[in-house]
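Work through the following exercises with the sequence and the three-dimensional structure at hand.

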Amino acid sequence: MKFADFIRLQAIKVDLVAEDKDSAIRELVAGLVESGDVAEGEQEGIIKAIMKREELGSTGIGRGVAVPHTKHPSVSQLIGTVGVSAEGVDFNSLDGEKVQLFFLLVSPPDRPGDHLRALENISRRLRDDTFCRFLKQAKTAEDVRQLLEEADNNQFGT
Amino acid sequence: MFLIDSIILIIGILLLVGIASSKLSARLGIPVLVLFLMLGMAAGSEGVGGIEFEDYRLAHGIGTLALAMILFDGGLSTSLTAIRAVWKPALLLATWGVLVTAVITGVAAAWILGIPLLEGLLLGSIVGSTDAAAVFAVLRSRGVSLPRRIADVLEVESASNDPMAIFLTVGCIEVALGNVEIGLGFVGLFVSQMLIGAVCGILGGLAAGWVVNRIELDASGMYPVLISAFCLLTFGLAAKFGGSGFLAVYLAGVVIGNRPLVFRHGIRRFHDAIAWLSQIVMFVVLGLLCFPSRLADVGVRALLISTVLVLVARPLAVLLSTFPFRFTGRELAFMSWVGLKGAVPITLATFPLMLATPEHPLHAPLLFDVVFFIVVVSLAVEGTSLAAVSRWLGLERPRDPEPPVKLEINSLRHVNGEVVDYAVGKDSRAAGRLVKDLALPEGAVIALVARGDQIIPPQGNTRIHAGDHVILVLRLGMQPLVNQVFGSESKTRGSIPEMLEFPLRASTTIAELQEFYEIQVTAPPESTLAEVISREVDGGMSVLETSVRVGPLVLRALRLDSDGHIDMVGMSIRSENEEVAQAPV
């Protein structure tokens, strides 16, 4: 599965202002509302579902990256967005580092396969240090789009 | 004074002098067995003791019994892992190697002594096997410390090669006496010796273990006797059915020694003592049997045969037995040098004396004297120089620090705990840390720390140093986790490929996981991830080395809490094609 299949380019936020976990997730979901991928009335439900997943263990997977994700019936297909925070957000990551790069995923309940494939794709791509570093340095949504496209075309190491 | 009174007095004196001489052994660098033998010779009719003793039957009887007890004790202290690791080269050495040694030495002896070839081969067979008593005594003494594998090969070889030598000796005598033709019957004799001996030994060991753990005796002192009884029973039954009793008791010892046993330490101590008593008695008796004046007569010729045996026959036998396995030249050289002879050849040399007939004298007295000479040379030259040779070949290992104390707990019933002694090496993860920071699992407590001559009652603020011995009381099954705590730093989990993992609380249930990932799992939904992983932990592995595949997810313990329970679980996602790509790595 490629990034292009689920990342909503209009929702990408490279200038997150949030300083804590909750507001970072709110900001990212708000982006999906602005891009029209999530109905405004579902916003709170999705945030709640994401926080519920965070209770099992932080999705901060270390090295300044977090991948908050959940299932929610309001979406009809897998959608995702990317967020970048210059300052970093405290996300209770295992390695204690602040998170600068976010991938947020919401998937419909009836498509578990897609959900896992997307997560697998993200975690595999993020193993590439260069890819990670470039994304964290992205200044515009266009920068992020280009990097994702290059990754989709296997232009990074892995 | 009755005769038995004098005998008791003499035995007492001889044992005392024997033990006293063992104190000299380290100082003089002579194996203690040589000293025992010399003591016997000194006490004999030509020495200061003037004891007349020329009863070969009695000597043979004492030798056999003593050897059985020594082999049994050797088996008790041989770990199954050692046997599993080295049984192939050891078995080849114990069979094929003995044959090669016997034939080469035999041909040379026939030529040197000017006796018929068959009698030469008889002599070769008698000295064909390495001696378990001698090898154990020398290798396990404080002087020599060897790489584990070499020591294991030599020990297992020496314990299992006596049947081959006995069979060759008896075979040669039977053929020389005209009782047996060389042919199929000859081979059958060997196969039945080995097979029946092995089967009796293993069954005897299993039976002993079963009975000891269930019988619940009131007097703990009876447990070692019970084990001894099984040892004798095993030997007797094996011999009765035509098998090798020596092989049988050794295997029985291995089986018993590798099972959890009621009153284990007591049993081991007792048989260790019996083995020492056997060593002294056997070598002193064999020394009594020898006449130094007759040794002088055969000296030059026997020395020649010894030379062939040590410098040609044994090295060739080692080479021809071990070529399929990877040993370095130095290791081969050392194994060749440890062709120690001992009580077995002398005991075997009494066979021709007992079985010779007027029509077939077999040169029995000559053979006996030559064999005796060869054994003394082997023990004196090879035995004495072993430590130096291992150093010279660069095979010597630094000794593990010996604990100044030993904690012994004897259970009279089966209990679910154990006491384990950890030697803290320099690279141990525990070295330099405070006891309270060790993250010992629940169910493991440090009983004491032994450092040098000191015993330190452990407290949270006690620092563990490299070189310490830490003695722990453990609940059964805790050992893998504790091994992790005391294991070496270098064995940390570097081998796992770098994967991005989602950390999950270990108390997360399968049901919760399913809610988010819709995975197909066989585990009950209410079980936690910690339980799922713990269930998969394999005997020797630690929980930190275990990973569980749950559909496309891979779970493994990421972190343990201070009680040793899994605290965090790492979840990674594998796709099918990725696994294929990673396989060669």
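The exercises below concern a predicted model.

**Exercise 1. The overall make-up of chain B**

Task: Determine how many helices and strands chain B has, and what share of its residues is buried.

Solution. Step 1: The secondary structure of chain B consists of 20 helices and 8 strands. Step 2: Chain B has 585 residues, and 52% of them count as buried.

**Exercise 2. One side of a helix**

Task: Identify which residues of helix α19 of chain B are buried, and explain why they lie on the same side of α19(B).

Solution. Step 1: Helix α19 of chain B spans residues 529-536, and its buried residues are B:Leu529, B:Ala530, B:Val532 and B:Ile533. Step 2: These residues lie on the same side of α19(B) because they cover an arc of only 165° around the axis. Step 3: Recall the general rule: an α-helix has 3.6 residues a turn, so residues three or four places apart point the same way. Step 4: Find the cover; the elements over the buried residues of α19(B) include the strands β5 (502-505), β6 (547-550), β7 (553-560) and β8 (566-573), together with helix α18 (510-517), in chain B.

**Exercise 3. A serine in a loop**

Task: Locate B:Ser129 and decide whether B:Ser129 is buried or exposed.

Solution. Step 1: B:Ser129 is found in the loop that lies between α5 (117-126) and α6 (132-139) of chain B. Step 2: B:Ser129 counts as buried because its relative accessibility is 0%, and the cut-off for buried is under 20%. Step 3: Leaving aside residues up to four places away in sequence, B:Ser129 touches B:Val98, B:Asn161, B:Asp162, B:Ala165, B:Leu340, B:Lys341 and B:Val344.

**Exercise 4. Where two chains meet**

Task: Describe the contact between chain B and chain A by its residues, its buried area and its salt bridges.

Solution. Step 1: Chain B contributes 27 residues to the contact, and chain A contributes 26 residues. Step 2: The two chains bury about 2,300 Å² between them, 63% of which comes from carbon and sulfur atoms. Step 3: B:Leu500, B:Phe502 and B:Phe516 supply 34% of the area that chain B buries against chain A, more than any other three residues. Step 4: The count of salt bridges between chain B and chain A is 0.

Key
Residues numbered from 1 in each chain as written. Chains lettered and ligands numbered in written order. Predicted model: local features only at pLDDT ≥ 70, side-chain atom pairs only at ≥ 80, totals over all residues. Heavy atoms only, no water. Buried < 20%, exposed > 50% of the residue type's maximum accessible area, 1.4 Å probe, protein only. Helix = DSSP H or I, 4+ residues; strand = E, 2+ residues; numbered from the N terminus. Arc of directions from axis to C-beta. Contact = heavy atoms within 4.5 Å. Buried area = accessible area lost by both parts, 1.4 Å probe. Salt bridge = Lys/Arg side-chain N within 4 Å of Asp/Glu carboxyl O.
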